[in-house]
Amino acid sequence: MTGLLLNVCGVEHVLGAALYTNDGRCVEHRLPPPFEPGYVQSVSQDLITTLNEYRFLEAGATPTAYVKTTAGMIVIMLDENYYTVALATRGINPTLIRVAFSALRRQLSQLSQLSSVLSPQEVWVPSQSFESAQNVAAFSASPPAEAIPDADVISPVRNQAEVVPKQAIKLLIRVFTEYGGPASTLIIKDQVKAIGFNMDSLPKKHFRTLIENLSAKLVESDRPVFLKSVDKKLPM
Amino acid sequence: MTASSDSEQKPALLPFASSTLRAMQKYSPEGSLLLTASFQGEVLEACGSGDRDGLAAVAAITSRSFSQAVDKLGFGRMNGWVISGETSCCLAEVHDQETTVGYSAEQPVDSLEMQHFLSRVGEDSGDKDEDQ
């Protein structure tokens, strides 16, 4: 335990929470039985995939999902390197958990600046940062999630100048959707994966390959129109 | 599901979708708000501006994915969800396995709007015309 989840779990009606790295390692969990961190992680994978797709549509911003069920609420916060899953009973105030997640996001951002790769064994949090699970209210005056710097800015791993900008990916999705239909985002994601990358690490030099591969997925009559539209809207 | 039962479902959904859009617009008067009501991924009704097929697809895919996760987790039955981003949001009410009403706005969802939505979904199924 590292204390990162104390504030989230201190929110009234929160049953528990777990923090994972984006490759699925559990950094910390405070889940009550019968919820087991490994199982929650495996169940959450589809949710994370969906949130990642939404994230690309949003040009890289980090979304949070609130899923209301007859039993309560599941809240998932996606960040650059981590994701957090919280379970709450009915009566949870989404605003309070949002504030607690904002504080957690800021904490994780600070940790990312200290260490580019955070492993479970390397996590360390100054104890004075989160002394009590009861101090959630103290964060009410914190800036909202929107005010937190984009985690991409602090990512030490990627050379953004060589990567296709997220805005360009977003625009490509829009253009391709005109010809490829509502499943276009998934098709593009598959095609990016097929050439060995993911949508936030596609090198600019492979962008044309992606466009040509996408064109090949369309009916023949749409291909030249699609390519012309891309060249007009996405000169790279 | 036969074609005739599809057509029986559609008229019942439309008034609810329209009243829900009006309710949402009270909380997001400045935003570019889009509503789609979809049944088995097919758009039944859309209001506002934006990519209606895109939203219907996002709502349907997301609802299916979230619903499966909720079921596996044994955490009740899903009523709805919100994805809150920094520049936009996407919300959906899930009526059953195949019927989803989705909303999106080109602005982030604020706390009041989200709280209202989340407190409302699943709670007023017997009072669908309250906003009319």
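## Strand pairing between the chains

A:K68 stands opposite B:G80 in strand 3 of chain B. The two strands involved are strand 3 (residues 64-69) of chain A and strand 3 of chain B, which pair in the antiparallel sense over six bridges. Strands pair here if DSSP finds at least two bridges between them; strands (E, at least two residues) and helices (H or I, at least four) are DSSP runs, numbered from the N terminus.

This is a predicted model, in which local features need pLDDT of at least 70, side-chain atom pairs count only at pLDDT 80 or more, and totals for chains, interfaces and linings use all residues. Residues are numbered from 1 along each chain as its sequence is written, while chains are lettered from A and ligands numbered from 1 in the order in which they are written.

## The contact of chains A and B

Chain B contributes 36 residues to the contact and chain A 28 residues, where contact means C-beta atoms, placed from the backbone, within 7 Å. On the side of chain B that touches chain A, helix 2 (52-73), strand 3 (78-84) and helix 3 (111-120) of chain B each supply at least two residues. Helix 2 of chain B gives the largest share, 13 residues.

By class, this side of chain B has 17 nonpolar, 14 polar and five charged residues. Ala, Val, Leu, Ile, Met, Phe, Trp, Tyr, Cys and Pro count as nonpolar, Asp, Glu, Lys and Arg as charged, and the others, Gly among them, as polar.

## A hairpin in chain A

Strand 1 (residues 14-21) and strand 2 (residues 26-30) of chain A pair in the antiparallel sense over four bridges. They form a hairpin with four residues between them, and A:G24 in the turn has a positive phi of about 95°. A:Y20 stands opposite A:C26 in strand 2 of chain A.

## Nonpolar cores

A nonpolar core is a set of buried Ala, Val, Leu, Ile, Met, Phe, Trp, Tyr and Cys residues joined through C-beta atoms within 7 Å; buried means that 20 or more other C-beta atoms lie within 10 Å of the residue's own, with C-beta atoms placed from the backbone. The largest core has 68 residues, of which A:V8, A:I76, A:I97 and B:V82 touch the most other members. Leaving aside neighbours within four places in sequence, A:V8 is in contact with residues including A:V14, A:A17, A:I97 and A:L104.

A second, separate core of 14 residues includes A:V164, A:L172, A:I173 and A:V192. A:L172 and A:I173 also belong to the contact of helix 5 of chain A with helix 6 of chain A.

Terms used:
Two residues are in contact if their C-beta atoms, placed from the backbone, lie within 7 Å. A residue is buried if 20 or more other C-beta atoms lie within 10 Å of its own, exposed if 12 or fewer, and partly exposed in between; C-beta atoms are placed from the backbone.
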